[in-house]
Structures are given as structure tokens and as C-alpha cells.
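User: Can you walk me through a few features here, giving the general idea and then the case at hand?

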Amino acid sequence: MTAPSATARAALAALLLAGPALAGLAGVPLPATSSAWAADSARYVEGMGDVPVMPGLAPAEEAPLVFDKPAGRIAQSVMAGAMDRNAVLSFYNQTMPQLGWSRTAQRAGGGASFLREGEELRLEFVEPAPATAARATARKAAATVVRFSLIPR
């Protein structure tokens, strides 16, 4: 069996993330925060195609790195948000298999790793980079920092 195309995976991701909005159209009441969630739901991790951004995560100040080589893509992006690590792992453990990724053994430090079509996606929890005093308050609010790394396998 072959994996679905990138377009099909992106469409599936959009459908999965739009589920609560579709439920609202069917008459199921949604919480008041659903409009903010819906705004977040259409985003993907920059440089990683169909890897969705978990609602509540936002790009960190580091610019994403993306290299497209004949041997495969190499991409890295850092996201941060005020949420528990277990919530991040739960979201990606549920979402990524539906997009054709298979989960591998848990990584050191409590991160996660997924494989698909010769690529490995790693989620690693990292400490926030040292910051100025002005950023210290924001860093406390963004208690969880996740590095997404996509490498050829």
C-alpha cells in the first residue's frame, strides 16, 4: 500500500483540524473559544508541508531553517506555547498517524519521533533561549518550547 500524496495529506489535515467547525454547522454547540481555535487550525509548521501547528503553539523568535537537497529535505522550526508537554505529545500522537506518519520509540528527553516516506520528524522539548529582561515575562508565559526537525532517513 502506498502512502497518500502530499496534497491528500494536506487536505486530510485541514479536514481533521476543521472538525469542530463542521460540528458547529451540524448544530452541536461549540465553546466560545472556538473562533480563536479555528484561526489557529489552518496553520502548518513552516517548511514542513502538512505538519499542523497545535492550537496554542506559536512560532518562537528563531527563524525556521529549510534546506531542500537531492537526498531529502532538512527543516527545523521552533514553536512555543503555554501548555503542558503531555498535551503537545497527545496532540501529535493522535494527529500524525492520520497524516501517514508512524510513531517510533519515545526520544530521550520526552520528545517524539515519526517516520514517513524516507523522512523522520522529531519533536524535542527544549529550554527557551536566554533572553533579555523584556522577553523574560513572555518566556514564563510560553512554558513549553518544541523544536520540530525534519530530516531524511
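**Surface patch and ring pairs**

Analyst: Leu65, Phe67 and Ile74 make a nonpolar surface patch of about 270 Å². Patches take residues with over 30% relative accessible area and no salt bridge, nonpolar side chains being joined within 5 Å. This is a predicted model: local features need pLDDT of at least 70, side-chain atom pairs count only at pLDDT 80 or more, and totals for chains, interfaces and linings use all residues. Residues are numbered from 1 along each chain as its sequence is written, and side-chain values use heavy atoms, leaving out hydrogens and water.

User: Is Leu65 buried, partly exposed or exposed?

Analyst: Buried means under 20% relative accessible area, exposed over 50%, and partly exposed in between (1.4 Å probe, protein chains only). Leu65 is partly exposed because its relative accessibility is 45%. Leu65 belongs to strand β2 (residues 65-69).

User: How many aromatic pairs does the structure hold?

Analyst: Rings of Phe, Tyr and Trp (its six-membered ring) pair if their centres lie within 6.5 Å; planes under 30 degrees apart are stacked, over 60 edge-to-face, the rest tilted. The structure has 2 aromatic pairs. Phe91 and Tyr92 are edge-to-face, 4.8 Å centre to centre with 85 degrees between the planes. Tyr92 and Phe148 have centres 5.4 Å apart and planes at 70 degrees, so that pair is edge-to-face too. The latter pair links distant parts of the chain, with Tyr92 in helix α3 and Phe148 in strand β7, 56 residues apart.

User: Are Tyr92 and Phe148 buried or exposed?

Analyst: Tyr92 is buried, at 1% relative accessible area, and Phe148 is buried at 0%.

Technical notes
Patches are made of residues with over 30% relative accessible area and no salt bridge: like charges are joined within 9 Å, nonpolar side chains (Val, Leu, Ile, Met, Phe, Trp, Tyr) within 5 Å. Accessible areas come from the Shrake-Rupley method with a 1.4 Å probe; for residues, only the protein chains shown count as cover. A salt bridge is a side-chain nitrogen of Lys or Arg within 4 Å of a carboxyl oxygen of Asp or Glu. Helices (H or I, at least four residues) and strands (E, at least two) are DSSP runs, numbered from the N terminus.
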